[in-house]
Amino acid sequence: MSQVKSFISPLVTPICSFAAVAFVLTVTALSTVASAEGSKEMLLENIKPVGQVYVAGENAPEPEPAANADAAAAAEPKSGEEIYNSTCMACHGTGAAGAPKVGDAAAWAPRIAKGIDGLLSSAINGLNVMPPRGTCATCSDADLKAAIEYMISKSQ
Ligand code: HEC
């Protein structure tokens, strides 16, 4: 028995210590890698700016669809049809106050003969009972022109 022991013991000690050292090295290496990854993420998270600015051309996230639609609505001028329906129709839809009625080609023919510029200046300045800008104070000249073009297109 003591013979066997004396044969094994010189081997056991170096093998054990080698295994122990290898184990310690492995654990140390693994935990270093893990904590490096973790702290890098934490660091990036901590120094992240509160808001992010996207420069045109950068990979910016798509804006919310709702915000997008609002922006488009605000940016686009109103169509001639919309302006006509919201303002001009009050008189031009019924012929009220002697307004040339939309759809009445005979009433519009002599007016169309003035040309779009003449009609536009009548609409901007008013003409007899026709109030300046057709009461649409917020309409731009281009809006009025679009509304006139819409009315003409329906009255030929
Ligand atoms: C309060 C009623 C009223 C409203 C609202 C109104 N109009 Fe008129 N419009 C008239 C009347 C009345 C005439 C006819 C004027 C005349 O010839 O004496 C007229 C004539 C016109 C003419 C013909 C002008 C010409 O030189 O012959 C144009 C163009 C016109 N309106 C555009 C518009 C547009 C565009 C709007 C809406 C933005 C509008 N009107 C809103 C009453 C109105």
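The shell around the ligand splits into 18 nonpolar, 8 polar and 2 charged residues. This is a predicted model, where local features need pLDDT of at least 70, side-chain atom pairs count only at pLDDT 80 or more, and totals for chains, interfaces and linings use all residues. Residues are numbered from 1 along each chain as its sequence is written.

Q: What makes a residue in this shell nonpolar, polar or charged?
A: Just its type: Ala, Val, Leu, Ile, Met, Phe, Trp, Tyr, Cys and Pro count as nonpolar, Asp, Glu, Lys and Arg as charged, and the others, Gly among them, as polar.

Q: How many residues surround the ligand, and which are the closest?
A: There are 28, with C88, C91, S122, M130 and G134 the closest. To be near, a residue needs its C-beta atom, placed from the backbone, within 6 Å of the molecule. The elements giving two or more residues to the shell are α3 (80–92), α5 (115–125) and α6 (141–153).

Q: Which element gives the largest share of the shell?
A: That's α3, with 6 residues. Helices here are DSSP runs (H or I, at least four residues), numbered from the N terminus.

Q: Why is A97 called exposed?
A: A97 has 12 C-beta neighbours inside 10 Å. Exposed means 12 or fewer other C-beta atoms within 10 Å of its own, with C-beta atoms placed from the backbone, so A97 counts as exposed.

Methods: Buried ≥ 20, exposed ≤ 12 C-beta atoms within 10 Å, placed from the backbone.
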